[in-house]
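Subject: Structure handover

Hello,

Here is the structure for your work. My notes on it come after.

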Amino acid sequence: MNKQPFVSKAQLDEITEHYPTPFHLYDEAGIRRNMEAVRDAFAWNPGFKEYFAVKATPNPFLINILRDYGCGCDCSSATELQLCDAMGISGHDIMFSSNETPAADYEAAAKLGAIINLDDISHIDFLEQTIGGIPETISCRYNPGGLFEISNGIMDNPGDAKYGMTTEQLFEAFRTLKAKGANHFGIHAFLCSNTVTNDYYPELAAVLFRLAVQLQQETGAHIEFINLSGGVGIPYEPGQEPNDIQAIGEGVRRVYEEILVPAGMGDVAIFTEMGRFMMGPYGCLVTTAIHHKHIYKEYIGVDACAANLMRPALYGSYHHITVAGKEDAPCDHMYDVVGGLCENNDKFAIDRALPEIEDGDVLVIHDTGAHGHSMGYNYNGKLRSAELLLREDGSVKLIRRAETPADYFATLYGCDELLQNAPYDTEKLKRK
Ligand SMILES: *Cc1c(COP(=O)(O)O)cnc(C)c1O
């Protein structure tokens with residue numbers, strides 16, 4: 001069982017001639033194909049809208065592909081809102097699902113007319129004081145507590161999660177918000193991350209739909225949308241059965257017709273805030289093997305590091321690796337594939353069976369299209385890589401340049417001048 005990259009060895013040879021590794025590469029055709037499947041899976045719901053979780057891949061060129069299909073954006077910081085503003089996205093095309101929100105962020109969200117999704121009951125007063133009122137359209141985030149179980153086991157532990165309001169708080173919040181003038185309501189919950197099962201959304205939808213019926217009956221608040229948020233996962237490991245978005249959409253439709261329609265709520269719009277499912281498989285990190293080290297284990301040193309892709313170091317996540325041009329070679333070598341941070345967890349793979357790797361070989365690290373480049377950081381003075389888009393016509397577009405040392409120095413006090421002499425002038429950093 002193997003995973004094939006979306007880019008061939010011949011294409012990579014051509015791309016690396018123009019752009020040095022490491023870089024993240026994205027697949028426009030794949031993004032479009034998947035987006036069309038999402039749209040079709042929820043076509044039964046006239047109000048359906050996907051709000052792409054900007055944090056997953058905050059690049060306007062990629063978000064604009066999704067915009068072709070009517071997607072909005074899910075933001076949770078003032079900077080993400082600013083990105084939307086710069087792209088001409090505003091109003092109800094933005095869902096603001098933040099937590100521990102600074103006042104300035106609520107001000108920015110209100111100014112853009114975004115739908116605000118409150119994470120806590122105490123934020124009702126905070127929002128009102130901050131923006132001088134309660135918007136007519138408002139959403140509340142729910143946390144049912146306990147364990148979230150589906151037929152084939154425990155999926156996650158919402159009772160341990162910092163997000164959302166308790167059931168009692170949610171009813172109180174709706175009454176308070178209604179009294180303060182809100183008249184279009186939504187509810188939202190994000191209970192499990194990276195679920196690789198077609199049952200997560202339908203099970204979550206059933207919980208939210210029952211809650212919505214109760215909320216509407218008991219508080220009189222008119223519920224217009226139910227936001228299933230993110231959490232739809234992707235098969236990072238070879239042999240994992242991918243989610244079938246058509247089956248997921250059908251599963252949600254079934255509970256919609258079972259719970260909402262009989263309650264006279266057949267006009268409720270379904271919203272999603274997927275990030276990983278929309279972009280994850282359609283990006284990869286391309287890196288070159290630069291060293292081969294033999295001590296107690298075999299190490300392949302590459303020119304990318306955890307600063308370019310944090311998930312393996314942070315969560316121990318599996319990312320499949322293909323050695324370009326050796327797709328069909330036997331995986332008869334055992335390697336740790338490692339980056340150059342002075343951090344022993346900077347390992348893209350541990351004890352991974354791979355074909356024999358020579359210095360100069362190009363490695364494709366799969367499924368980095370979401371929560372990949374965007375989680376990057378600058379530890380050890382490592383610079384974030386470029387992002388490239390492989391267009392449908394086979395051409396390649398630079399959609400974010402690689403950082404330079406000038407970017408790394410840009411925030412240092414007194415370095416404005418230094419910046420003008422970019423990339424940098426070491427004299428300016430010497431103690432005077
Ligand atoms: C991170 C996040 C998402 C996206 O999650 P994925 O797992 O990438 O689908 C959606 N909504 C909120 C509020 C989030 O924090």
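What follows covers pockets, the cavity, aromatic contacts and some backbone points.

This is a predicted model, in which local features need pLDDT of at least 70 and side-chain atom pairs count only at pLDDT 80 or more, while totals for chains, interfaces and linings use all residues. Residues are numbered from 1 along each chain as its sequence is written, and side-chain values use heavy atoms, with hydrogens and water left out.

Pockets

The search ran on a 1 Å grid over the protein atoms alone: a pocket is an open set of points with protein on both sides within 12 Å along at least five of seven lines, a cavity is a set of points where a 1.4 Å probe fits but cannot get out, and lining residues have an atom within 4 Å of a point. Grid points are joined across faces, edges and corners, and a volume is the space filled by probe spheres set on the points.

The largest pocket has a volume of about 750 Å³. It is lined by 35 residues, and those closest to its centre are Lys-55, Arg-141, Tyr-163, Phe-190 and Ser-193. Two or more lining residues come from each of β3 (72–75), α10 (276–279) and α11 (311–315). Helices (H or I, at least four residues) and strands (E, at least two) are DSSP runs, numbered from the N terminus. By class, the lining has 14 nonpolar, 12 polar and 9 charged residues. In this scheme Ala, Val, Leu, Ile, Met, Phe, Trp, Tyr, Cys and Pro count as nonpolar, Asp, Glu, Lys and Arg as charged, and the others, Gly among them, as polar. Domain 1 (27–280) and domain 2 (281–420) both contribute to the lining, so the largest pocket lies between them. The domain bounds come from an automatic or database domain assignment.

The second largest pocket holds about 600 Å³ of space. Its lining is made up of 28 residues, and Lys-3, Pro-235, Pro-281, Tyr-282 and Asp-367 lie nearest its centre. Both α2 (28–41) and β12 (283–294) supply at least two of the lining residues, and α2 has the largest share, with 3 residues. The lining divides into 13 nonpolar, 9 polar and 6 charged residues. The second largest pocket also takes lining residues from both domain 1 (27–280) and domain 2 (281–420), so it lies between them.

Cavity

There is 1 cavity of 30 Å³ or more in the structure. About 30 Å³ of space lies in this largest cavity. Its lining consists of Arg-141, Tyr-142, Asn-143, Pro-158, Ala-161, Tyr-163, Phe-190 and Leu-191, which divide into 6 nonpolar, 1 polar and 1 charged. Arg-141, Tyr-163 and Phe-190 in that list are also among the residues closest to the centre of the largest pocket.

Aromatic contacts

The structure holds 12 aromatic pairs. In Phe-42 and Phe-48 the ring centres are 4.5 Å apart and the planes are at 10°, so this pair is stacked. Rings of Phe, Tyr and Trp (its six-membered ring) pair if their centres lie within 6.5 Å, and planes under 30 degrees apart count as stacked, over 60 as edge-to-face and the rest as tilted. Both Phe-42 and Phe-48 are buried (buried means under 20% relative accessible area, exposed over 50%, partly exposed in between, with a 1.4 Å probe and protein chains only).

Lys-49 lies over the face of Tyr-51, 5.9 Å from the ring centre. A charge sits over a ring if NZ of Lys or CZ of Arg is within 6 Å of the ring centre and within 35 degrees of the ring normal.

Backbone points

Thr-21 and Pro-22 are joined by a cis peptide bond, with omega about 0°. Pro-22 is in the loop between α1 (9–18) and β1 (23–27).

Asp-351 is a residue other than glycine with a positive phi, near 50°. It is in strand β16 (residues 347–354) and counts as partly exposed, at 44% relative accessibility. His-371, likewise not a glycine, has a positive phi of about 55°. His-371 is in the loop between β17 (362–365) and β18 (386–390), and at 11% relative accessibility it counts as buried.

Regards
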